[in-house]
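Have the sequence and the model at hand.

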Amino acid sequence: MTVKIGTRTIGAGHPAYVIAEIGLNHNGDVEIAKQLIDVAAEAGADAVKFQKRTPDIATPAHMRDTLRETPWGTMTYLEYRHRVEFSREQYIEVADHAVLRGLDWFASPWDVPSVHFLEDLGVVAHKVASASLTDLAVLQALRATGKPVILSTGMSTLEQIDLAIDVLGVDRLVLMHATSTYPMEPDEANLRVIPTLRERYPGVPVGYSGHERGLQISIAAVALGAAAVERHITLDRTMWGSDHAASLEPTGLQHLVRDIRVVEAALGDGVKRVFPGELAPMAKLRRVLT
């Protein structure tokens, strides 16, 4: 089974769908968001992804009054969430820029009003953050849209994933194996979960959402058959913000997309054959012919 997002097809036999997650790495600045969209387009990514919250709903009650040091001074966590959230007009501006650069764009809605907000802007798909996998109200709202849904599975048990899939259905679903550690160490990647999820949910494309440093683990995920790869991107890993350290800088994203395409070409079709390039060495080196 395959899933269509925009003009791309996700699933077995198709190139991995590369999602450059901007998330909140724009730090509330439209121009930074546009620069990150340019980075994604120039690297050859297929899509950019944001995060959409209604801060008064999505911010946990126990976190709202926690003080946080920010580039804009000391403020509560709730004030910070409001500060970095794009308005409708700002989303339209960055969305138009993404479309002009040939990219799909969508976001992770963290509450039901955010689902409606994104639907009003005409997103081609929705992404469920790992933290929202157990939010059945959000999942029900997403299923009602009829749009493709990409579901990250970090910090979740198989039983919790089962329940989420019962709500979402499998017709337009892409699963993403993930470990929600920022940044993630290699011994927590557990990439063999990719075939485990593929076997447990037959026909559902399974990808990988990574939070590690470097490229090796994401590339290995493609070798294991990941149908999509998502990585956070940043202009500079030293920028202020919680996700920058686990993000790829522009050159890193370029190398990731390049290496994914090399690995896909190298995987082949599994049919053993003698390639044309082997004929000359065979004539020169093989003593016994059959």
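## Helix α8

Three residues of helix α8 (residues 193-200) are buried: Val 193, Ile 194 and Leu 197. Buried means under 20% relative accessible area, with a 1.4 Å probe and protein chains only. Seen down the axis of α8, these buried residues fall within an arc of 110°, so they line one face of the helix. An α-helix has 3.6 residues a turn, so residues three or four places apart point the same way. The cover over the buried residues of α8 includes α7, β10 (173-178), β11 (206-210) and α9 (216-223).

## Basis of the model

This is a predicted model, where local features need pLDDT of at least 70 and side-chain atom pairs count only at pLDDT 80 or more, while totals for chains, interfaces and linings use all residues. Residues are numbered from 1 along each chain as its sequence is written, and side-chain values use heavy atoms, without hydrogens and water.

## Helix α6

In helix α6 (residues 136-145), the buried residues are Val 138, Leu 139, Ala 141, Leu 142 and Thr 145. They fall within an arc of 160° seen down the axis of α6, so they line one face of the helix. They pack against β7 (104-109), α5 (112-120), β8 (126-128), β9 (149-152) and α7 (158-168). Gly 146 follows α6, and its phi is positive, near 75°.

## Helices α1 and α4

Helix α1 (residues 30-43) packs against helix α4 (residues 88-100) at an angle of about 20°, and their axes are 9 Å apart. That makes α1 roughly parallel (an angle under 35 degrees) to α4.

Conventions:
Buried means under 20% relative accessible area, exposed over 50%, partly exposed in between (1.4 Å probe, protein chains only). Helices (H or I, at least four residues) and strands (E, at least two) are DSSP runs, numbered from the N terminus. The arc is that of the directions from the helix axis to the C-beta atoms. Contact means heavy atoms within 4.5 Å. Axes are lines fitted to C-alpha atoms, for helices over the stretch in contact, and angles run from 0 to 180 degrees between N-to-C directions. Angles under 35 degrees count as roughly parallel, over 145 as roughly antiparallel, 65 to 115 as roughly perpendicular and the rest as oblique.
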